[in-house]
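Hi,

Here is the structure I said I would pass on.

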Amino acid sequence: MATAAPSAASRIAVVTGASSGIGAATARRLASAGYRVVLTARRKDRIEALAEEINATGGQATAYALDVTDRTAVDEFASAFKKIGVLVNNAGGALGADPVATGDPADWRQMYETNVIGTLNLTQALLPALTASGDGTIVIVSSTAGHSTYEGGGGYVAAKHGAHVLAETLRLEIVGTPVRVIEIAPGMVKTDEFALTRFSGDTERAAKVYEGVAEPLTADDVADTITWTVTRPSHVNIDLLVVRPRAQASNTKVHRETR
């Protein structure tokens, strides 16, 4: 099926967490598909550099430094838009891998604030502009962790289950409006920062996550999936798309090659 070009009323795409990984890759892909992308993240230098890169290659991009957990800042950001076509709620992340019995409540709280409250903030603030476009799409990047549990992942699993339920409930509540709600749930994705952030910069522990896995997903793989769902004809809603590498059958079943 051919990729549908965005209409004039829906050509703006806001991408959160666009400073690296899946967010940055998604911004590049959407720009290539004809969207004017608005890049948001806390790291201003990163998104400004990405915007320059996209603009230099013929796309359209602007950068806006934003903490998605700051509702006042989110509302101020959203006030600049009367109509937008796409919101990609990608900002999130994992912290730690401790069991429930010894997990750090501060880590749990931060994961919930970013993955769930941040998504809620942007969705609420931009929903009027998405509706006004006449053809809006909300993408929530959750995780396979939002659909099944695994040991040592309680805080992240709880947060991503929250993101999944947010998407599912919103879809029910706004049916009949011109806004789609899409959930993308990636499995094992190897990016420069995800595992490093989770393990507080411990490169050895981060490397073990992917040890022996010949081809984990890349940020580009997920960005390609997101762009495909967004560019389907307006009447087509991809409710939920789970994407894993071939080597991963579930969160706890991964084929690892040995030498």
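Below is what turned up, starting with the sheet and ending with the aromatic rings.

One thing to keep in mind is that this is a predicted model.

**The sheet**

The sheet is open and has 7 strands, which follow one another in the order S3-S2-S1-S4-S5-S6-S7 with parallel pairing. From one strand to the next, the twist averages 15°.

Two of the pairings are worth a click. Strand S1 (residues 12-15) pairs with strand S4 (residues 86-89) in the parallel sense, over 3 bridges.

Helix H5 (residues 154-173) lies across strand S5 (136-141) and strand S6 (179-186), and runs at about 155° to S6. Helix H8 (residues 219-230) lies across S4, S5, S6 and S7, and its angle to S6 is about 160°.

Within helix H8 you will find Thr227. This residue counts as buried, at 9% relative accessibility. Setting aside neighbours within four places in sequence, Thr227 is in contact with Arg29, Leu30 and Ala33.

**H3 against H4**

H3 packs on helix H4 (residues 105-132) at an angle of about 30°, and the axes are 9 Å apart. Angles under 35 degrees count as roughly parallel, so that is the label for H3 and H4. Their crossing is right-handed. On the H3 side the contact is made by Arg71, Val74, Asp75, Phe77 and Ala78. H4 contributes Asn121, Leu122, Gln124, Ala125 and Leu126.

**The aromatic rings**

Phe77 leads on to the last item. How many aromatic pairs does a search of the whole structure find? It finds 2.

In one of them, the rings of Tyr64 and Phe77 have centres 4.8 Å apart and planes at 55°, so the pair is tilted. Tyr64 belongs to strand S3 (residues 60-65) and Phe77 to helix H3 (residues 71-78), so this pair ties together parts that are 13 residues apart in sequence. Tyr64 is partly exposed, with a relative accessible area of 30%, whereas Phe77 counts as buried at 2% relative accessibility.

Then there are Phe77 and Phe81, whose ring centres are 5.2 Å apart. Their planes are at 65°, so this pair is edge-to-face; the cut-off for that class is over 60 degrees. Phe81 is buried too, with a relative accessible area of 17%.

Put together, the ring pairs link Tyr64, Phe77 and Phe81 into a cluster.

That's the lot from me.

Cheers

Methods
Residues are numbered from 1 along each chain as its sequence is written. This is a predicted model: local features need pLDDT of at least 70, side-chain atom pairs count only at pLDDT 80 or more; totals for chains, interfaces and linings use all residues. Side-chain values use heavy atoms; hydrogens and water are left out. Rings of Phe, Tyr and Trp (its six-membered ring) pair if their centres lie within 6.5 Å; planes under 30 degrees apart count as stacked, over 60 as edge-to-face and the rest as tilted. Helices (H or I, at least four residues) and strands (E, at least two) are DSSP runs, numbered from the N terminus. Buried means under 20% relative accessible area, exposed over 50%, partly exposed in between (1.4 Å probe, protein chains only). Two strands pair if DSSP finds at least two bridges between them. Axes are lines fitted to C-alpha atoms, for helices over the stretch in contact, and angles run from 0 to 180 degrees between N-to-C directions. Contact means heavy atoms within 4.5 Å. Angles under 35 degrees count as roughly parallel, over 145 as roughly antiparallel, 65 to 115 as roughly perpendicular and the rest as oblique. A crossing is left-handed if the near helix is turned anticlockwise from the far one by less than a right angle, and right-handed if clockwise.
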